[in-house]
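Me: Hi! Could you walk me through a structure I have open?
Reply: Happy to, let's have a look together.

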Amino acid sequence: MIGFLYFLYLMGIDNIFGHYLTYDGADIFSPFASDYHQFAYFITPLPFVALYMIKRENRFIVKLSAALSIVLLISMGLSTSSNTLVSSWVNATILIIALLLWKKLREQERSASIISFFICLAIIGLLFSFDNIMGIVKDFFEESSNGEHRILLWINSIKVWLYSPIVGLGPGSFSGNQLFQGTEAHNTFLQVLTQGGILGGIAYVSLISRLIKVTHVNIFILCAVLSLIMYGFGINDLRRTVLWFYFIMFYFLCMKEQRS
């Protein structure tokens with residue numbers, strides 16, 4: 001269904017019976033959503049779910065459908081213009097490669113020496129690429145529409161949290177260009193801190209830790225979970241129903257896989 005809507009979008013059709021496929025009149029694919037982050041967040045873990053299906057399924061037609069869906073999802077994701085989505089995909093993909101490489105290396109003889117070598121190689125690579133990495137980060141925060149004002153919002157969220165660091169300030173949004181301006185922190189953990197304080201932060205970290213512990217049995221589902229968590233660094237995602245749908249589904253899927 002989403003693929004059909006995307007096809008209509010590519011054909012230049014921007015609404016169906018008055019329901020828009022784009023965000024606020026811009027060339028941003030966001031079908032029936034008032035905020036393009038709603039749709040971008042919805043498709044965030046789906047490429048990794050498709051990889052899970054390719055790994056698990058034996059039927060060729062299912063594998064092919066899943067592979068094609070990855071291409072379609074990436075194309076749709078790029079059309080949302082969400083750099084938060086792209087960064088969560090890139091980070092989760094790097095994690096997949098690192099985890100698969102780690103798993104492969106641990107199976108080799110003298111694995112400790114080989115792993116140490118690759119870690120040193122990665123550190124050297126990061127050091128030589130430091131300027132490029134910092135340039136990408138700077139572009140994200142200063143030139144991207146998603147990164148604009150994020151640092152200011154985060155700093156003000158921390159300042160607001162300090163007014164009640166233990167139990168927080170309760171429900172509401174307290175950040176903004178100034179303190180207590182009524183704007184969300186645009187960061188899930190900082191939003192939890194301002195609302196629930198250290199106690200809320202501990203509860204949130206406990207939830208995420210438990211979820212990671214359960215889903216680590218499957219690399220692709222783990223990366224699907226982590227892509228959602230990474231997206232949460234740029235938005236407040238706890239109020240999004242789809243987050244809890246995914247978390248519950250991935251949790252019990254991996255619980256079932258552990259038993260089998």
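Reply: One term to start with: buried means under 20% relative accessible area. Keep in mind that this is a predicted model.

Me: Thanks! Which residues in helix 4 are buried?
Reply: Helix 4 has these buried residues: Val62, Ala66, Ile70, Leu73, Met76, Gly77 and Ser79.

Me: How far apart are the end C-alpha atoms of helix 4?
Reply: They are 29 Å apart. Helix 4 covers residues 60-79, which is 20 residues, and at 1.5 Å a residue it should span 28 Å, so the two values agree.

Me: And what comes just after helix 4?
Reply: Serine 81 is found there, with a positive phi of about 65°.

Me: At what angle do helix 1 and helix 4 pack?
Reply: Helix 1, residues 2-10, packs with helix 4 at an angle of about 50°, and their axes are 11 Å apart. That angle makes helix 1 oblique to helix 4.

Me: Is their crossing left-handed or right-handed?
Reply: Helix 1 and helix 4 cross in a left-handed way.

Me: Which residues meet there?
Reply: From helix 1 you have Ile2, Gly3, Tyr6 and Tyr9, and they meet Leu72, Ser75, Met76 and Ser79 of helix 4. Met76 and Ser79 are also among the buried residues of helix 4.

Me: New topic: how many disulfides are there?
Reply: The count is zero, taking a disulfide as a pair of cysteine sulfur atoms within 2.5 Å.

Me: Is cysteine 223 buried or exposed?
Reply: Cysteine 223 is buried, because its relative accessible area is 0%. Cysteine 254 has 1% relative accessibility, so that residue counts as buried too.

Terms used:
Residues numbered from 1 in each chain as written. Predicted model: local features only at pLDDT ≥ 70, side-chain atom pairs only at ≥ 80, totals over all residues. Heavy atoms only, no water. Buried < 20%, exposed > 50% of the residue type's maximum accessible area, 1.4 Å probe, protein only. Helix = DSSP H or I, 4+ residues; strand = E, 2+ residues; numbered from the N terminus. Expected span 1.5 Å × (residues − 1). Axes fitted to C-alpha atoms, helices over the stretch in contact; angles between N-to-C directions. Parallel < 35°, antiparallel > 145°, perpendicular 65-115°, else oblique. Left-handed = near helix turned anticlockwise from the far one by under 90°. Contact = heavy atoms within 4.5 Å.
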